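Trainee: I have a new model open and want to learn how to read it. Where do we start?

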Amino acid sequence: MSLHYIKKYRLPLLLILALIGWGASVAQSRSAKRDDSRRKIKVEKPDLEAIEDETLNPDSKFYFPKLLAKYNRNDTVMTPEEYRYFYLGYMFQEDYDPYRVSPYSTVTDDLRLKATHTKEEIDTIRKYAELSLADNPFDLRQMSFLVHVLKEKNKGMSAKIWEYRLEHLLGAIKSTGTGEDMDNAWYVIYPAHEYDMVSLLGYNAIDVEYPAEGFDRLIVEPDRSAAKKPRDNPKGFYFNVTMPGEQYELKHPEDNTATDPDSVGTLPPTDVDPDDVPAE
C-alpha cells in the first residue's frame, strides 16, 4: 500500500460509526429471544486451515454457499460465528481476488461527497452500490453508502438489513485480534478493510508501515469529526494480510513481483456498460 491508497480511504466513514451503534441496539432487542451464548464470539486468532476445510466442505454448516444463501436472505439470522466463517472463508473461494476492484465502485464518488441528494442522484448511487455489491459482497464502503441512500429514500427496513450485515462483517474482523501488535493483528481479506476498521474505532490513517512480510501497520490519529471519540491514543494498528498475498500469488502465478498498490483498481475493459443497467 502507498500514500495514494491512504488518501483514497482516508475519507471519514461516519456512517459506519453510526451503524455500529444501531447494530448494538438491534442485538439488545433480540437478546430476549435468543441465547446470549449463541450471539457471542470469542476474540482469538483464526485457524485458517480449519476455516478453509469447513467452508469448502459441502457437509459442513459453514460451507460457504450455505452461508452466502443465508446472508442473502432478507433477515438478520446469521450468528457472529457464521459471519466469521463467511468473511474469512471467502479467501478460499474460487472467485476471490484481494486486489480486484469492481468497475462500479468509483462511478459515483463525486455524488457521495454531497451532504444531500436529489431523487435522481439517490437512484444513481443506489444503482451502482448494488451493482458493486453484487460483484463483491464484501465492499464495506459501498455497503455504508447504500445504507445512507436507502434511508434518504425512506427504505428503512432495507437499510436496517444492510446495517446489520455491515456491523457483523466488521465484527468478524474485530474478532480476530486486538490490532495492538503482530501477534494480535486483525485479519482482513481486502486492504481497504484496514481503513474501515480504524475509522470504526474513531481514527484516521495518516501513514502505513510494513513491519514484516504479510503485515501492515496503519499509523493513526484521532478523527475529530467522529461521532464516538476514542478513549485511547494508540500510535497504530496491525493487520495480517498474509493469506490475501498468498491467494493472489496462487491465482496470478504469471506475476512474480509484488503487487503495486498504485495499480490497484486497474481493470481490463468490461463488456457491460453500467449505464445500460436501469436504476431501481
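Predicted model: local features only at pLDDT ≥ 70, side-chain atom pairs only at ≥ 80, totals over all residues.

Trainee: What share of the residues is buried?

Mentor: Take the cut-offs before the count. Buried means under 20% relative accessible area, exposed means over 50%, and partly exposed is in between (1.4 Å probe, protein chains only). In this protein of 280 residues, 49% are buried. The accessible surface comes to about 14,700 Å², by the Shrake-Rupley method with a 1.4 Å probe, where for residues only the protein chains shown count as cover. Carbon and sulfur atoms hold 50% of that surface.

Trainee: What part of the contacts comes from residues 24 or more positions apart?

Mentor: A contact means heavy atoms within 4.5 Å. Among contacts with a separation of 6 or more, 68% are between residues 24 or more positions apart. Leu68 and Pro137 are 69 residues apart in sequence, with 9.4 Å between their C-alpha atoms. Leu68 sits in helix H5 (residues 64-72) and is partly exposed at 28% relative accessible area. Val208 and Tyr238 are 30 residues apart in sequence and 9.9 Å apart in space, C-alpha to C-alpha. Val208 belongs to strand E2 (residues 203-212) and is buried, at 11% relative accessibility.

Trainee: Now charges. How many salt bridges does the structure hold?

Mentor: Side chains of opposite charge can pair when their charged atoms come close. The cut-off for a salt bridge is a side-chain nitrogen of Lys or Arg within 4 Å of a carboxyl oxygen of Asp or Glu. The structure holds eight.

Trainee: Show me one inside a single helix.

Mentor: First the geometry. An α-helix has 3.6 residues a turn, so residues three or four places apart point the same way. Now look at Glu130 and Arg126, whose side chains meet in a salt bridge (3.0 Å, N to O). Both lie in helix H8 (residues 119-135), four residues apart, about one turn of the helix.

Trainee: Is Arg126 buried or exposed?

Mentor: Arg126 is buried, at 13% relative accessible area.

Trainee: Which helices hold Lys151 and Glu163?

Mentor: The side chains of Lys151 and Glu163 meet in a salt bridge (2.6 Å, N to O). Lys151 is in helix H9 (residues 140-152) and Glu163 in helix H10 (residues 156-174), so the pair ties together parts 12 residues apart in sequence. Lys151 is partly exposed at 46% relative accessibility, while Glu163 is buried at 1%.

Trainee: What about the loop there?

Mentor: Asn154 lies in the loop between H9 and H10. Its phi is near 60°, a positive value in a residue other than glycine. Asn154 is exposed, at 69% relative accessible area.

Trainee: Last one. How many residues of helix H11 are buried?

Mentor: Helix H11 (residues 192-200) is mostly covered, with nine of its nine residues buried. Among them are His193, Glu194, Tyr195 and Asp196. H11 is followed by Gly202, whose phi is positive, near 95°.

Methods
Residues numbered from 1 in each chain as written. Heavy atoms only, no water. Helix = DSSP H or I, 4+ residues; strand = E, 2+ residues; numbered from the N terminus.
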